[in-house]
Amino acid sequence: MRMTLQEVFKGALAEIASGFRRYPVWVALARESIGDQHRRTTLGPLWLVLNYFLFAGAFVVVFGHRNEIENFPAYVATGLYVWLLMSETINMAVPLFRREANYIKGTTLPLFVYVMRLAMQTVIRGAYSGAGWIVLMLFLVQPSLEQWLMAFAGLAVIVLALPAVITIFALLGAFFPDFEFITGNLVRVGMFLTPIFWIHGNDGGLRQMLYEYNPFTHFLAIVRQPIISGELPVMELVLCLGISAFAWVLAFFLLGALRKKVVFVV
Amino acid sequence: MTVSIKAQSVGLRYRILRPLTLRPKDKRLLKTGGTISGSGRRQHVQALEDVSFELSAGDRLGLVGANGAGKTTLLKMLYGIMEPTSGSLSISGRVDALFNINLGFRPEATGRRNIELRGLINGWTRQQIEEAMPEIIEFSELGDFIDMPFKSYSQGMAARLAFSVATTLTPEILLMDEWIGAGDAAFQKKAGERMNALTGQAGIVVLASHNDKLIRRVCNKVLVLEKGRVKKFAPLEKKRA
């Protein structure tokens, strides 16, 4: 049975509205998941802060030698923070619906509840590692209030895009199981192709193309540039808002068209 | 509003969505019931076909049939997990379901926390959860275990907790798949009494089971499914537990 565009639109709208209405469910489940991950550990979620410190420290030590990027430790630490936030979200989004198969086949919870649960989980995890990032920035840069506000505006754009990105990747992962391994590899490679610890020298070539045509570059820039140079990267901000809007439109229609089929493939 | 279920020529047909994968094709049929038609990537399952029945307040329907006959699919359709692709299905009343004992329970969380989570999933308010909590704990007979992790519970304890949560807020329509036949005799008796009380409060119970004795004890109507079609829908002689 083919769906009309109107049915797709109505279905997606109902799904998203119902998902938002069930916020007590996804907030509780997200908190529970974070708790489960660290339940037996002594440091609990503080491991997220420690992991970030270790990662950032290793990058600064390994790639910082004779590096000419201005304030390299802050450049790397901010880039890494944003990259980890986005890459972990993608990695966890792909198997999302298959991981929740029991719930999907046994309850009437809207799929968007699982999406929001992962988005919430990402925000909580991001808040812990974000505390580490803030401490590092206070130590390395001492940003002004204005710089903080601009950087947090950039983070807000990323957070607003999270549910759309999760929806797209979770649906692709449900219908295309190999996608998990494809994205896993791309994310690993993407860490080196994204300017987390490098910068291009306006010399053209592949390096500059990777810098400019990689969407992650711009998401890194909207948080990093305010901290490093104190400037609001308007072009990058507009570009990221455009990418986010496109992601929402795509997620909206994919959700409307595929939501009833997910129960048969997971 | 009167509690009722009305199914008219309900059918469910879906395409077998073989996941897009780079692996070589798996020639085995999917583990599914119903009738499979078509070939290659154009295969469809007719899980239910022309299913018609009506239930009203006080009815306890036993769903009977061989594995793959469509019992669970029909239950899931009544619950709203799947939508019919033909015919019409109209349901009046708040529906709750017990398909899988462990569903919605988190192994690391305590029984108490799991009651909260299960309540939220069922759409209860915080106040409803708080009010129902003492009764759920008492009915489940878990005692001090209620503050122990769910993973430390035996199958019987998990079943008691699941049943207590599903029936404490008195759903108007309760759907159950098989497992109620498990557990000890004392629990079955207690569960049977609660189901009687539930239907006494003008509710509907739909129970899918292979246990003929259980169906005869609990239900007043029976619907026999065969390959997704209704073979028989008739009243049963009532035998109270």
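How many residues of chain B are in contact with chain A, and how many of chain A take part? Show both chains in your viewer and let's find out. Keep in mind that this is a predicted model.

**Stop 1: the interface**

Select the residues where the chains touch: 28 residues of chain B are in contact with 29 residues of chain A. Interface size is often given as the accessible area that is lost when the parts come together. Here the area buried between chain B and chain A is about 2,600 Å², and carbon and sulfur atoms give 61% of that.

**Stop 2: chain B's side**

Now hide chain A for a moment and color three elements of chain B: strand 1 (4–15), helix 1 (71–79) and helix 2 (111–121). These are the elements that give two or more residues to the side touching chain A. Which element gives the largest share of that side? Helix 2 of chain B does, with four residues. Color by class next, and the side of chain B that touches chain A shows 16 nonpolar, six polar and six charged residues.

**Stop 3: a salt bridge**

Bring chain A back. Side chains of opposite charge can pair when their charged atoms come close. The structure holds 17 salt bridges over all chains, and three salt bridges are counted between chain B and chain A. To see a salt bridge up close, select Arg113(B) and Glu32(A), whose closest N and O atoms are 2.6 Å apart. Arg113(B) sits in helix 2 of chain B and Glu32(A) in helix 2 (residues 23–38) of chain A, so this pair joins two chains.

**Stop 4: a nonpolar patch on chain A**

Helix 3 (46–63) and helix 7 (111–140) of chain A each supply at least two of the patch's residues. The largest share, five residues, comes from helix 3 of chain A, and that helix is where you'll find Trp47(A).

Key: Residues numbered from 1 in each chain as written. Chains lettered and ligands numbered in written order. Predicted model: local features only at pLDDT ≥ 70, side-chain atom pairs only at ≥ 80, totals over all residues. Heavy atoms only, no water. Contact = heavy atoms within 4.5 Å. Buried area = accessible area lost by both parts, 1.4 Å probe. Salt bridge = Lys/Arg side-chain N within 4 Å of Asp/Glu carboxyl O. Nonpolar A, V, L, I, M, F, W, Y, C, P; charged D, E, K, R; others polar.
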